[in-house]
Amino acid sequence: NIKQSGFKGITVIASNPVDILTLVYQEVTGFDKKTVIGSGTSLDSARLTREISKRIKIAPQSIQAYVMGEHGDSSVSAFSVATVGGLPLSYFVKNKRIDESEFPKIHEFVWKKAYEIIERKRATFYGIGVNLANICENIIRDSRKVLAIGAFLEGQYKNSGIYTGVPAVIGVNGIEEIIEFTLSDAEQKQFDNSVKQLKEVVEKARQAIK
């Protein structure tokens with residue numbers, strides 16, 4: 001129905017499972033992949049940034065940290081490429097502002113946070129609402145800001161054929177560019193596994209609707 005309406009704008013999808021539904025929507029409509037954006041790991045990344053901020057006692061606005069992959073249990077917190085005021089997070093590890101042994105706990109806290117909020121409030125309305133507003137504002141203003149969103153991979157991060165959470169430049173045309181960091185070997189392996197799990201779900205869905 002959206003396609004038949006003649007819609008020519010940017011679509012932002014937040015319905016879960018968001019990576020799968022964003023892919024299905026794009027395939028059904030045939031819209032340009034750059035104009036179809038999933039909320040992806042935007043909320044997860046905001047939570048990760050906040051947790052790092054609390055530990056090193058520097059404002060989250062000065063921190064760039066991204067959760068990548070599935071918006072779900074197989075996500076990856078990319079600590080190896082996180083920066084604070086232009087410095088790598090490893091600098092703050094060396095200066096004992098944060099302990100590397102905390103990273104797995106921080107990641108677990110981030111991906112489990114949604115479950116905690118759902119248990120207390122029954123849904124995560126407000127967090128995702130703020131992130132959707134942020135994505136839409138950056139599209140409307142053509143800000144070209146880097147956000148962690150759900151984008152279609154075409155070889156980036158050694159994967160393709162799926163929507164998943166990655167950092168991308170957002171502007172008036174939608175996804176202007178996917179930012180590709182060099183992940184650590186362990187993070188790349190986790191990311192590959194996350195993509196693999198998403199593809200398995202997509203395949204099961206396709207088989208079910210045949």
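Close-up 1. Buried means under 20% relative accessible area, exposed over 50%, and partly exposed in between, with a 1.4 Å probe and protein chains only. The side chains of Glu176 and Arg144 form a salt bridge, at 3.5 Å from N to O. A salt bridge here is a side-chain nitrogen of Lys or Arg within 4 Å of a carboxyl oxygen of Asp or Glu. Glu176 sits in strand β10 (residues 174-178) and Arg144 in the loop between α5 and β8 (145-154), so the pair ties together parts that are 32 residues apart in sequence. Helices (H or I, at least four residues) and strands (E, at least two) are DSSP runs, numbered from the N terminus.

This is a predicted model: local features need pLDDT of at least 70, side-chain atom pairs count only at pLDDT 80 or more, and totals for chains, interfaces and linings use all residues. Residues are numbered from 1 along each chain as its sequence is written, and side-chain values use heavy atoms, with hydrogens and water left out.

Close-up 2. Side chains of opposite charge can pair when their charged atoms come close. Glu51 is buried, at 5% relative accessibility. Lys54 is partly exposed, at 46% relative accessibility. Arg55 also forms a salt bridge with Glu51, and the closest N and O atoms are 2.9 Å apart. Arg55 and Glu51 are 4 residues apart in helix α2, again separated by about one helical turn. Arg55 is partly exposed, at 29% relative accessibility. The count of salt bridges comes to 5.

**Close-up 3. Helix α2 against helix α5.** Helix α2 covers residues 42-56 and helix α5 covers residues 125-140. Their axes come within 9 Å and cross at roughly 105°. Axes are lines fitted to C-alpha atoms, for helices over the stretch in contact, and angles run from 0 to 180 degrees between N-to-C directions. The two helices, α2 and α5, are therefore roughly perpendicular to each other. Angles under 35 degrees count as roughly parallel, over 145 as roughly antiparallel, 65 to 115 as roughly perpendicular and the rest as oblique. Ser42, Leu43 and Ala46 of α2 meet Gly127, Ile128, Asn131 and Ile135 of α5. Contact means heavy atoms within 4.5 Å. The residues of this contact divide into 4 nonpolar, 3 polar and no charged. Ala, Val, Leu, Ile, Met, Phe, Trp, Tyr, Cys and Pro count as nonpolar, Asp, Glu, Lys and Arg as charged, and the others, Gly among them, as polar.

**Close-up 4. Tyr66 in the loop between β3 and β4.** This loop runs between β3 (63-64) and β4 (67-68). Tyr66 is buried, at 6% relative accessibility. Leaving out residues up to four places away in sequence, Tyr66 touches residues including Ser45, Leu48, Val76, Pro167 and Phe181. The side chain of Tyr66 makes a polar contact with the side chain of Gln64, at 3.4 Å. A polar contact is a pair of N or O atoms within 3.5 Å; within protein, one must be able to donate a hydrogen and the other to accept it, and residues adjacent in sequence count only if both atoms are side-chain atoms.

**Close-up 5. Ser194 in helix α6.** Helix α6 spans residues 185-209. Ser194 is buried, with a relative accessible area of 0%. Its side chain reaches the backbone nitrogen of Glu70 at 2.9 Å. Ser194 touches Gly69, Glu70, Ser74 and Ser75, not counting residues up to four places away in sequence.

**Close-up 6. Backbone features at Pro17, Asp142 and Tyr157.** A cis peptide bond joins Asn16 and Pro17, with omega about 0°. Pro17 lies in the loop between β1 (11-13) and α1 (18-29). Asp142 is not a glycine, yet has a positive phi of about 50°. Asp142 is in the loop between α5 and β8 and is partly exposed, at 33% relative accessible area. Tyr157, also not a glycine, has a positive phi of about 55°. Tyr157 is in the loop between β8 and β9 (160-171) and is buried, at 1% relative accessibility.
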